[in-house]
Each structure stands twice: as structure tokens, then as C-alpha cells.
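Biologist: I would like to learn how to read contacts between chains. Please take me through one case, step by step.
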Amino acid sequence: MLETTALTGHHDASNRQKRITQRMTITTDNEIRTGQWEDALTLVALNEDKLAYAELFKYFAPRLKAFGMKMFGNEQQAMEMVQDAMLNVWRKARLFDASRGCASTWIFTIARNVRFDMLRKKQSRKDDISADDLWFDGDYPEQESNSSEHWDTILMSEKLAPHFDALPPAQRMVMQKVYLEEKSHQEVSDELAIPLGTVKSRIRLALDRLREAFDDTRS
Amino acid sequence: MTHAVKFHPGLMLLEQYVEGSLSADVALAVSAHIDLCPHCQQLSHDITIDQAASLGEQNVSAHDEQQDWQQMVDFITSQPGLSAASVQRSNALPQVASVTVNGRTFEIPRALSRLAEKHNKWLQLGGIATAKLPTGEKQHVSLLYIDKGTEVPNHTHLGLEMTLVLAGKIVDENGEYGVGDLLINSPDDTHTPRTLADEDCLCLSVLSAPLKFNKGLTRLLNPLQQFFY
């Protein structure tokens, strides 16, 4: 964050572009690779940087379109969603908060909300439930983090084995590396080239899924 | 507010909520539950991060990659960004509203605050009052107030009934429900919810079909089922 602020303060546009392009081509270093879109969003937020936005657009627009094609099943609506979502990315860049998650998560939620409101408007109701009602864009008050330590004994239980196999593949992969191969969260993040936050989220989700399964076997 | 939430929507509903594939009325009940439940706040946050990873995994066809996007980029970047003032507003804490019924004022969670301010007038029937939220014709979302020491006649659900406790407490044959608890009753469930002698209750009620009253004289209520629906 500090670095990009300094960067925009002292370098001209072409240098900036070069720097961004360099960052995009480095694929061996995960730290930088996972930070590129957050940096680009920061540049857009700070000074409506069109080059940084163009890079974001080039990556996300085709992916959002593919996503939209699956959801809507037609190109016209998919493109409408892409335009609305990417316009929000441009206009609301200042609302992006990297401490709450990475850029692709933020853009995913924007597209989800756009899609929801598009489908509602099609039914043309005025007083209606909107995406803003359903998905809070902000921070809930801090809560004490519940540790996952007491889980270790339950995880040993043989009864859980079949449920472990039934986890979604992405969650099972992370759990396997952390609990069976005893890797640190950071090592798993590096190995799978996913952000650290995603590793932690997938562990919590897998634990919760196992807890539901465990409670079911008890009752 | 020290009540620990015991009844949650469960992972499957939360996943569909995050995905945006739940029907709007059900999603609204889930969203209001999340406002009241730190556990599900964390879970839905994690599910969002997990699902968002699929965006990066989309297969992009060569056609889409090379499509001429320039016109769209030019249009978007010619638009003004958000003003500093609206950025400030959006960063505020969750908004809450309040409603007054039976001389009592209750705080309403964020998800419902905009709609609750526009609620229809309260309809009274004994110790029970109900007010519809303006959420479209096909949806039956209402605030349900039950005075202390009152029983809702035994009924069956012709569709899905979701009840979220917003204040106070209700009990039925299956247990006791406090603030944040989400009761989900399917067409097979029959129950007789009531309040305790010393505490009234405000709930959010989402119904996908009218209630059907089962017993004796209360069967006469069936013509009044519109009252709840």
C-alpha cells in the first residue's frame, strides 16, 4: 500500500505501466502474484488510474462474462452484467478494503449483487428486496475468534473419515495438507498458489462441515 | 443480547445465500439471521472467499479473450467515481431501525431496516399482531408480534415456514428460541408456538404457503389463514 502510494507520487504514467506489467509477468513469486489486483485497485482508488484499471478489466471482464454465461445462459445479459459490475469496480474502488479479502472476492460479490438486482428488476417490482438489503458491505463488530484446537481430538475420530472424504475437493485438499502433512497455512498458500486468507477460510468451512456431520452422527 | 444463537440456517442454505441463488424472501431471513449471529457472519465470509475463487477458475475462450472490449473500457472510465461523501456513508456501521407495536419499541436488524420502515399497518387478532413488509406480491414476509402468555394455535405448514426471533423468546414442542434463532418448518411439521408468561416476542415470518390450523375450534381459523400469510 505504502509502496504504491509512493510510486504514484513520484513516477510518471509510463513507468507505472511498466511496473504493473512486470508484476503481472512474475508468476513464480506468490506474494507478488496475489497482490497485483489489490495494488491495481489501490491505484484506481487513489487517482482514477486508467492504465491500472485497464489491466484489471483485461483479466476480470472475460472471466465475469464466462461466469455470466453460466448464470444467464445468454450473451446479452452476461454482457450487461459485465458492464454493470466493471462500472461498479471503477466507481467504487475507494470502498475496496484489502483487509476484508482479496480483489477477486470483492469483484465476485459485486457481480453477484448486480446479477441479483438484474433478475429482480426483470420482474419489475418497486418495493422489493434488493442486493443492498441482503448483503452487508461492511464490517460487523469484531468477535473473539473461536480456536480450532479442540477439534484435533475429534478429527482423530474414525467416524469422521467418511465425512472427510465427502468434503468439497478444494477444502479437502487444504485440510489434507494442514492436518495430515502438517504443513503451515503459509506453506499451503504457497504450494497451491492461493491467498493465505483463502486457506484459512477453507479450513474453517471444512471444520464446520465436519462439525455438522459429527453432530448428526451423535444425535 | 447475551443469548447465544442455537438454531442456524446450516451450511447448505448459507452457501446458496452467498451464491445469490436463494429466493429473495428466504435470503432475507438468512441475511437478518446473519446480522444477529457472529458464527454465521464468519461462515458466510468464509464461504464468499471460497466461492469467489471460482471466478479465477473460469475458462476463458479465445473469442472472449480477444473480443473488442475497448468501447466498454472507454465508456466506464469516462464515468465519475464515487464522491468522498458517499464513501464515508458506506463505511458506516450497520444501520438499524426500530418498530413500535403494542406500546413496545423493538430494534430491527440491518437487513430488515429499510423494509421495516415501510411496513403495512398492524393487524391484531387476540394477543397476536402482524404487519406485512412490502416485498413483492409472491412473497409473504411479515413482522409477527406475540404478546406475553399467548399461544398460536396448533398448525401445519402447507409450505415452508421460516421464523426468525428478533426480540424476546418463543417456545414450541421442540424447544426454546431466543434472539437470532431461526426456526425452519417444512410441510411435515406441526407445532404450537407460544410465548412465556413474562416475555413477549417479535419475529420475522417468511411463508411460502398459508398455514393450516388443525385442532377443534381453531380449525375455524383456517378462513383467517390470510391473516398470517
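Modeller: Start with one residue. Glu15(B) is partly exposed, at 25% relative accessibility. Buried would need under 20%, and exposed over 50%, so Glu15(B) falls in between. Keep in mind that this is a predicted model.

Biologist: Which residue forms a salt bridge with Glu15(B)?

Modeller: For a salt bridge, look at the closest N and O atoms. The partner is Arg209(A), and those atoms are 2.4 Å apart. Now place both ends. Arg209(A) sits in helix 12 (residues 196–218) of chain A and Glu15(B) in helix 1 of chain B, so this pair joins two chains. Arg209(A) is partly exposed too, with a relative accessible area of 24%.

Biologist: How many salt bridges are there between chain B and chain A?

Modeller: The count between the two chains is 4. Over all chains, the structure holds 14. Another bridge links Arg114(B) to Asp133(A), at 2.7 Å from N to O. Polar contacts are a separate count: 22 residue pairs between chain B and chain A, with both residues at pLDDT 80 or more.

Biologist: Which elements of chain B touch chain A?

Modeller: Look for elements that give two or more residues to that side. They are helix 1, helix 2 (24–36), helix 3 (38–56), helix 4 (62–66), helix 5 (70–77), helix 6 (84–90) and helix 7 (110–116) of chain B. The largest share, 17 residues, comes from helix 3 of chain B.

Biologist: Can we zoom in on helix 3 of chain B? Is Thr48(B) there buried or exposed?

Modeller: Thr48(B) lies in that helix. Its relative accessibility is 13%, so Thr48(B) counts as buried. Next, set aside neighbours within four places in sequence. Thr48(B) is then in contact with Thr105(A), Phe108(A), Thr109(A) and Val18(B).

Biologist: How much area is buried between chain B and chain A?

Modeller: About 5,700 Å², with carbon and sulfur atoms giving 59% of it. On the chain B side, Leu55(B), Ile76(B) and Leu82(B) lose the most area to chain A, together 12% of what that side buries. As for residues, 66 of chain B are in contact with 61 of chain A.

Biologist: What about rings? How many aromatic pairs are there over all chains?

Modeller: There are 13. To read one, take the centre distance and the angle between the planes. Trp135(A) and Tyr17(B) are 5.7 Å apart centre to centre, with 40° between the planes, and the pair is tilted. Trp135(A) lies in the loop between helix 7 (131–134) and helix 8 (151–156) of chain A, while Tyr17(B) is in helix 1 (residues 11–19) of chain B, so this pair also joins two chains. Tyr53(A), Phe57(A), Trp90(A) and Trp69(B) form one aromatic cluster.

Biologist: Which charged residue lies over the face of Trp135(A)?

Modeller: Arg112(A) does, at 3.9 Å from the ring centre. Another case is Arg63(A), over the face of Tyr59(A) at 4.1 Å.

Biologist: One last bridge, please. Where in chain A do Lys65(A) and Glu75(A) lie?

Modeller: Their side chains meet in a salt bridge, 2.9 Å from N to O. Lys65(A) is in helix 4 (residues 50–72) and Glu75(A) in helix 5 (residues 75–91) of chain A, 10 residues apart. Lys65(A) is buried at 2%, whereas Glu75(A) is partly exposed at 38%.

Note on methods: Residues numbered from 1 in each chain as written. Chains lettered and ligands numbered in written order. Predicted model: local features only at pLDDT ≥ 70, side-chain atom pairs only at ≥ 80, totals over all residues. Heavy atoms only, no water. Phe/Tyr/Trp six-rings, centres within 6.5 Å; stacked < 30°, edge-to-face > 60°. Helix = DSSP H or I, 4+ residues; strand = E, 2+ residues; numbered from the N terminus. Lys NZ or Arg CZ within 6 Å of the ring centre and 35° of its normal. Contact = heavy atoms within 4.5 Å. Buried area = accessible area lost by both parts, 1.4 Å probe. Polar contact = N/O pair within 3.5 Å; in protein donor to acceptor, adjacent residues only side chain to side chain. Buried < 20%, exposed > 50% of the residue type's maximum accessible area, 1.4 Å probe, protein only.
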